[in-house]
Amino acid sequence: MEDLIKKAAEDIIKAQRVSALTGAGMSAESGIPTFRDPGGFWERYNPEEYAHINTFFSHPEKPWQMVKDFDIKVKAKPNPGHLALAELESLGFLREIITQNVDNLHQQAGNSQVIEFHGNLRRAVCLTCGKYYELAKISLEILPPRCECNGILKPDAVFFGEPIPQEAYRRSYEAARSCKLMLVIGTSAVVYPAASIPQIAKQAGAVVVEVNPQPTPLTGVISDYIIIGKAGVVLPEIVKAVKNLLC
Ligand code: NAD
């Protein structure tokens, strides 16, 4: 692993223009369960039912119950992996993070260029008038919560069956085409279209480096190499190696 960490640091310095694609594994060490790893939360709330837009339209209280439960259980904070990516941005290498996560933790860690591919669960939007609310400031006593115009509020995350927000889509593909190295961290790379982003980076000539405790469908096909390990362990080591090489 040490050799690969040094190689990743060298590749980052050589590339200069680095993008990252992050998935649920990025926040696992912050206590937020991923979809596909064993863990009680998603066994109780099957995401394909509770996070499907059709469920929201037929029973809006169901996805809201899940959000409420999620929020009470998780008072998550950025982990050392998030903080390492913030440092990689301040060192001038990481241009943007394309995240599939909806937990706001990259922003909390200090990254300024975060593309929210699947929206953000810390916000809600009124389906009638379009007004945005911070989740922390609305009451979840009666579900679904309503806007002051009496419209139903929807969590501002992309549900299954919904399109990706246009601007996030455009910026992500632009980043994939123009970066010289893409870090792919904590994603099982099976949810499309997000999983196509590393493929586009690769086709455009970027080096693709995965960080994940286990291989993914990208491994050995799209990614140049994988560093097997947890984001909260591997990423601080990579940033440390970058700084060592710069001295
Ligand atoms: P996924 O659950 O399909 O896959 C998680 C991946 O993370 C796996 O490959 C796993 O091996 C890896 N992983 C587990 N622990 C890790 C760690 N400590 N460090 C690095 N990698 C680790 O998640 P996905 O690919 O992101 O796709 C599922 C969808 O779930 C995404 O659209 C995402 O929006 C949503 N989701 C988001 C959150 C969140 O916001 N934190 C949580 C759960 C699901």
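Two strands count as paired if DSSP finds at least two bridges between them, and helices (H or I, at least four residues) and strands (E, at least two) are DSSP runs numbered from the N terminus. This is a predicted model, where local features need pLDDT of at least 70 and side-chain atom pairs count only at pLDDT 80 or more, while totals for chains, interfaces and linings use all residues. Residues are numbered from 1 along each chain as its sequence is written, and side-chain values use heavy atoms, with hydrogens and water left out.

**View 1. Strands E2 and E3 side by side.** Strand E2 (residues 94-99) runs parallel to E3, and three bridges join the pair. Look for Ile-98, whose bridge partner in E3 is Ile-115.

**View 2. The open sheet.** Here six strands line up as E3-E2-E1-E7-E8-E9, with parallel pairing. Strand E3 (114-116) and strand E9 (225-228) sit at the edges, each pairing on one side only.

**View 3. Helix H10 against the sheet.** H10 packs on the sheet and touches strand E7 (181-185), strand E8 (207-212) and E9; contact means heavy atoms within 4.5 Å. The direction of H10 makes about 135° with that of E8 (axes are lines fitted to C-alpha atoms, for helices over the stretch in contact, and angles run from 0 to 180 degrees between N-to-C directions).

**View 4. Helices H1 and H10 crossing.** The axes of helix H1 (residues 2-15) and helix H10 (residues 231-246) come within 8 Å and cross at roughly 60°. Among the residues making the contact are Ile-5 and Ile-12 of H1, plus Ala-241 and Leu-245 of H10.
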